[in-house]
Amino acid sequence: MRTFDSARESVQNIYKLMIGAIVPRPIAFVSSLDERGVRNLAPFSYFTAVSADPPVVLFCPSVRRDDPQRGLVAHKDTLLNVIATREFVINVVTEAIVERMNLTSAQVPPEVDEFELAGLTPLPSELVKPPRVAESPVQMECRLRQIIEVSDRPAGGSIVLGEVLRFHVREDLVENFRIDPEKLAAIGRMGGPTYVRTHDRFDLKRPE
Ligand SMILES: Cc1cc2nc3c(=O)[nH]c(=O)nc-3n(C[C@H](O)[C@H](O)[C@H](O)COP(=O)(O)O)c2cc1C
């Protein structure tokens with residue numbers, strides 16, 4: 001075994017260990033609005049479910065180092081929008097939209113509409129103001145429940161907990177509340193620029 005002590009390694013190397021070991025990660029494609037109504041979209045692979053009653057999910061925006069020379073840090077637009085408006089939508093990322101998702105991960109000024117940037121279609125939500133991504137087959141309308149700041153250092157971050165008020169699932173994907181993984185064709189994130197498809201699966205029965 002090789003052992004790495006977090007206290008002795010650089011943040012970059014620790015980050016590489018984390019994104020290489022914690023795999024595959026699902027991707028929350030988060031739509032939000034700023035106070036003026038400008039649409040924002042960004043992918044977050046620090047993403048999971050927390051509770052089904054009530055239905056709560058989380059994603060984690062990291063602290064961005066804006067200028068390595070001066071060491072300025074900044075919050076991502078998604079976090080600022082969620083703090084300001086307390087609403088967001090999580091859209092599931094599939095093979096069909098992975099390239100367009102990737103376009104929205106570029107660092108662009110807050111006034112840029114990232115639906116337009118990526119060529120994705122905003123679909124009005126029913127209970128929250130941020131639009132859904134029409135091209136995503138599963139969309140979750142969320143109301144902010146809590147933000148936990150874990151670290152304010154660059155590459156540190158916060159946990160955003162959202163209650164899912166409404167799920168939208170494309171008609172042909174769902175039967176009796178079961179989502180067909182083959183039709184969904186979700187993708188996951190590995191380390192670096194690597195992704196996985198979800199076509200290679202196996203079943204395992206739980207012990208009695
Ligand atoms: C697949 C993928 C997953 C990502 N996951 C995260 C994440 O979990 N946390 C994070 O802070 N940034 C993550 N990023 C980077 C953000 O998407 C990127 O910083 C984006 O510009 C943030 O946009 P915003 O400033 O509009 O919120 C990821 C990027 C990609 C392509």
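How many residues surround the ligand, and which are the closest? The shell holds 17 residues, and the closest are Ala42, Tyr46, Ser62, Lys76 and Thr78. A residue is near a molecule if its C-beta atom, placed from the backbone, lies within 6 Å of it.

## Basis of the report

This is a predicted model, in which local features need pLDDT of at least 70 and side-chain atom pairs count only at pLDDT 80 or more, while totals for chains, interfaces and linings use all residues. Residues are numbered from 1 along each chain as its sequence is written. Helices (H or I, at least four residues) and strands (E, at least two) are DSSP runs, numbered from the N terminus.

## The ligand shell

Two elements, β2 (39-44) and α2 (77-85), each supply at least two residues of the shell around the ligand. The most comes from β2, with four residues.

By class, the shell has seven nonpolar, seven polar and three charged residues. Here Ala, Val, Leu, Ile, Met, Phe, Trp, Tyr, Cys and Pro count as nonpolar, Asp, Glu, Lys and Arg as charged, and the others, Gly among them, as polar.

## The sheet and its hairpin

Seven strands form an open sheet in the order β2-β1-β7-β10-β11-β4-β3, with antiparallel pairing. Two strands pair if DSSP finds at least two bridges between them. The edge strands β2 and β3 each pair on one side only. From one strand to the next, the twist averages 35 degrees. For such values, axes are lines fitted to C-alpha atoms, for helices over the stretch in contact, and angles run from 0 to 180 degrees between N-to-C directions.

A hairpin through two residues connects β3 to β4. Across this pair, alanine 52 stands opposite proline 55 in β4, and alanine 49 stands opposite valine 57 in β4. In the loop between β3 and β4 lies proline 54, which is joined to aspartate 53 by a cis peptide bond with omega of about 0 degrees.

Which residues of α2 are buried? They are Asp77, Thr78, Leu79, Asn81 and Val82. A residue is buried if 20 or more other C-beta atoms lie within 10 Å of its own, exposed if 12 or fewer, and partly exposed in between, with C-beta atoms placed from the backbone. What covers these residues includes β1, β2, β7, β10 and β11.

Helix α2 packs on the sheet, touching β1, β2, β7, β10 and β11 (158-169), and its direction makes about 50 degrees with that of β1. Two residues are in contact if their C-beta atoms, placed from the backbone, lie within 7 Å. After α2 comes arginine 86, whose phi is positive, near 65 degrees.

## The nonpolar core

The largest nonpolar core has 28 residues, of which Ala28, Phe29, Val30 and Ile90 touch the most other members. Such a core is a set of buried Ala, Val, Leu, Ile, Met, Phe, Trp, Tyr and Cys residues joined through C-beta atoms within 7 Å. Two or more residues of this core come from each of β1 (28-33), β2, β4, α2, β7 (87-92), α4 (114-118) and β10 (138-149). Strand β7 gives the most, with four residues. In soluble globular proteins, nonpolar side chains tend to be buried together.

Not counting residues up to four places away in sequence, alanine 28 touches Phe44, Phe47, Phe59 and Ile90. Phenylalanine 44 belongs to strand β2 and counts as buried, with 24 C-beta neighbours inside 10 Å. Leaving aside neighbours within four places in sequence, phenylalanine 44 is in contact with Ile27, Ala28, Val30, Phe59, Cys60 and Pro61. The C-alpha atoms of phenylalanine 44 and phenylalanine 29 are separated by 6.4 Å, although the two are 15 residues apart along the chain.

## Backbone features in other loops

Another cis peptide bond joins valine 23 and proline 24, with omega of about -15 degrees. Proline 24 is in the loop between α1 (11-21) and β1.

Alanine 155, in the loop between β10 and β11, has a positive phi of about 75 degrees although it is not a glycine. Alanine 155 is partly exposed, with 14 other C-beta atoms within 10 Å. Phenylalanine 177, also not a glycine, has a positive phi of about 70 degrees. Its place is in the loop between β12 (174-175) and β13 (178-179). Phenylalanine 177 is exposed, because 7 other C-beta atoms lie within 10 Å.
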